[in-house]
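Me: I would like to learn how to read the features of a protein model. Could you take me through them in turn?

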Amino acid sequence: KAGNLVFISGQLPFEGETLTLPNKYVGKVPTEVSIQDAQLGARQCAINAIAHLKAFFSTLEHIRKFVKVNGYVNCGPTFIDHSKIMNGATDLLNEIFGESGLPSRIAIGVNSLPLGSVVEIDFVCEV
């Protein structure tokens with residue numbers, strides 16, 4: 001936390017202690033992981049970020065706005081639908097927080113991510 005901003009480090013789509021097995025959230029989009037599964041992975045990243053916020057503040061009432069979301073998509077060089085993957089995260093934020101859950105965002109394609117994850121997302125929130 002810095003002033004009225006909270007920075008949540010890059011979240012992977014962990015469900016519990018590990019990436020889901022069979023591992024629908026490991027690999028490259030669209031050759032190894034479907035766009036739909038990658039969207040679910042992005043949604044899980046947002047769930048994990050919200051869980052960190054709740055653990056830090058013990059409530060979500062302090063969250064005024066999601067300001068910025070940076071998304072990294074593990075994909076091949078010809079993939080162009082990065083924003084579709086990020087919709088999995090930002091749609092959930094909008095469902096839960098309404099207008100306050102509509103951040104500025106960027107979706108970037110990368111060659112690899114930690115643990116082979118299909119997606120990694122970091123968040124900036126105003127409290």
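Reply: Start with a definition: a salt bridge is a side-chain nitrogen of Lys or Arg within 4 Å of a carboxyl oxygen of Asp or Glu. Glu126 and Arg64 meet that criterion through their side chains, at 3.3 Å from N to O. Glu126 belongs to strand β6 (residues 119-126) and Arg64 to the loop between α1 and β4 (65-74), so the pair ties together parts that are 62 residues apart in sequence. Helices (H or I, at least four residues) and strands (E, at least two) are DSSP runs, numbered from the N terminus. The model is predicted: local features need pLDDT of at least 70, side-chain atom pairs count only at pLDDT 80 or more, and totals for chains, interfaces and linings use all residues. Residues are numbered from 1 along each chain as its sequence is written, and side-chain values use heavy atoms, with hydrogens and water left out.

Me: How many salt bridges does a search of the whole structure find?

Reply: The search finds three. In one of them, the side chains of Arg43 and Glu95 meet at 3.7 Å, N to O. Arg43 sits in helix α1 (residues 35-57) and Glu95 in helix α2 (residues 82-97), so this bridge ties together parts that are 52 residues apart in sequence. Another joins Asp81 to Lys84, with the closest N and O atoms 3.7 Å apart.

Me: Which of these residues are buried, partly exposed or exposed?

Reply: Arg43 is partly exposed at 30%, while Glu95 is exposed at 56%. Arg64 is exposed at 53%. Asp81 is partly exposed at 26%, and Lys84 is partly exposed at 39%.

Me: What describes a pair of aromatic rings?

Reply: The distance of the centres and the angle of the planes describe it. Rings of Phe, Tyr and Trp (its six-membered ring) pair if their centres lie within 6.5 Å; planes under 30 degrees apart are stacked, over 60 edge-to-face, and the rest tilted. The whole structure holds three aromatic pairs. Phe56 and Phe57 have ring centres 4.8 Å apart and planes at 90 degrees, so their pair is edge-to-face. Phe56 is exposed, at 54% relative accessible area, but Phe57 is buried, at 14%. Phe66 and Phe97 make a tilted pair, with 5.1 Å between centres and 55 degrees between planes. That pair links distant parts of the chain, Phe66 in strand β4 and Phe97 in helix α2, 31 residues apart. Phe66 is buried at 0% relative accessibility, and Phe97 is buried at 17%. Ring pairs join Phe66, Phe97 and Phe123 into a cluster.

Me: Where do nonpolar side chains tend to be in soluble globular proteins?

Reply: They tend to be buried together. A nonpolar core is a set of buried Ala, Val, Leu, Ile, Met, Phe, Trp, Tyr and Cys residues joined through side-chain atoms within 4.5 Å. Here the largest core has 30 residues, and those with the most contacts inside it include Leu53, Phe66, Leu93 and Phe123. Elements giving two or more residues to this core are β1 (5-11), α1, β4, α2 and β6. The most comes from α1, with eight residues. Take Leu93, where contact means heavy atoms within 4.5 Å. Beyond its neighbours within four places in sequence, Leu93 touches residues including Ala46, Ile50, Phe66 and Phe123.

Me: Which backbone values are found in most residues and peptide bonds?

Reply: Most residues other than glycine have a negative phi, and most peptide bonds are trans. In this model, the peptide bond from Val29 to Pro30 is cis, with omega near -5 degrees. Pro30 is in the loop between β3 (18-19) and α1. Ser58 is not a glycine, yet has a positive phi of about 65 degrees. Ser58 lies in the loop between α1 and β4 and is exposed, at 62% relative accessible area. Leu115 also has a positive phi, near 60 degrees. Leu115 is in the loop between β5 (104-110) and β6, and is exposed at 61% relative accessibility.

Conventions: Buried < 20%, exposed > 50% of the residue type's maximum accessible area, 1.4 Å probe, protein only.
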